[in-house]
Amino acid sequence: MPRTALYDVDTILSQAVDIFLEHSFHSAIMDEIIARTEFNRRGFYLEFGSKQAFLYRVLQHYMDTELMPVVKELENHQGMNSIHAFFIRYIPLIHKRGCLLINCLTELGKQDEHIREMGRHYLDRLQLDFIGCLEKAQQLEELGPHVNIESAALQLTSYVQGFAVNAILAEDTDEMYIATEALLSPLQRGGNSG
């Protein structure tokens, strides 16, 4: 009869998100991972195989449970309202912590094809969602006809990436909300175009 696991993998993955956000992949040591997740070393290697494989599972868990619920704000394509709702949820998620996916891309993206693929998939999805919202905003006449939707979506996607890094340094969320409004305002009909 197979043994029942004495641990909850989702709980361990959630705890590990915090470890990797605090220390990065290279600085997170196995002793701390084992201690903070209350996992034993043998069980860890039986379940995950390696620290690298563990990171992939942690990243997927982070994307599924924390990042994608925020991105879903964009998927109903309700124009500028969806874009504002995305940033209202994204800012508290990344404030003082950054984004685990973007952090891993900056740390490991050059040498790790799997992480690069995860990042590319996420950023492509984000850009397509921004395009859908901007197209709807133009239909609703919330967005001026002069706005190049593809360029604006690329700009917003790039902003999200840079914002994830800047959020680690930001003292409070006010400056991030102000920066978001400064980015979105010129796009909106009646907004400052210069």
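**View 1. Gly43 sits in helix H3 of this predicted model.** The helix covers residues 41-48. Is Gly43 buried or exposed? With 14% relative accessibility, Gly43 counts as buried, because the cut-off for that label is under 20%.

**View 2. Helices H4 and H5 cross each other.** Here we have H4 (residues 51-75) and H5 (residues 80-94), whose axes come within 6 Å and cross at roughly 150 degrees. That angle makes H4 roughly antiparallel to H5, since anything over 145 degrees gets that label. As for who sits in the contact, it divides into 11 nonpolar, 1 polar and 3 charged residues.

**View 3. Side by side, the residues of H4 and H5 that meet.** On the H4 side, look for Tyr62, Glu66, Leu67, Pro69, Val70, Val71, Glu73 and Leu74. Facing them from H5 are Ser82, Ile83, Ala85, Phe86, Arg89, Tyr90 and Leu93.

**View 4. The largest nonpolar core has 67 residues.** Which residues have the most contacts inside it? They are Phe20, Phe54, Ile83, Phe86, Tyr90, Tyr122 and Phe130. Helix H4 supplies the largest share of this core, with 11 residues. As background, nonpolar side chains tend to be buried together in soluble globular proteins.

**View 5. Zooming in on Ile83 and what it touches.** Leaving aside residues up to four places away in sequence, Ile83 touches Leu74, Phe130, Cys133, Leu134, Leu156 and Leu184. Leu74 is also one of the H4 residues in the contact with H5, and Phe130 turns up again among the core residues with the most contacts.

Methods:
Residues numbered from 1 in each chain as written. Predicted model: local features only at pLDDT ≥ 70, side-chain atom pairs only at ≥ 80, totals over all residues. Heavy atoms only, no water. Helix = DSSP H or I, 4+ residues; strand = E, 2+ residues; numbered from the N terminus. Buried < 20%, exposed > 50% of the residue type's maximum accessible area, 1.4 Å probe, protein only. Axes fitted to C-alpha atoms, helices over the stretch in contact; angles between N-to-C directions. Parallel < 35°, antiparallel > 145°, perpendicular 65-115°, else oblique. Contact = heavy atoms within 4.5 Å. Nonpolar A, V, L, I, M, F, W, Y, C, P; charged D, E, K, R; others polar. Core = buried A, V, L, I, M, F, W, Y, C linked by side-chain atoms within 4.5 Å.
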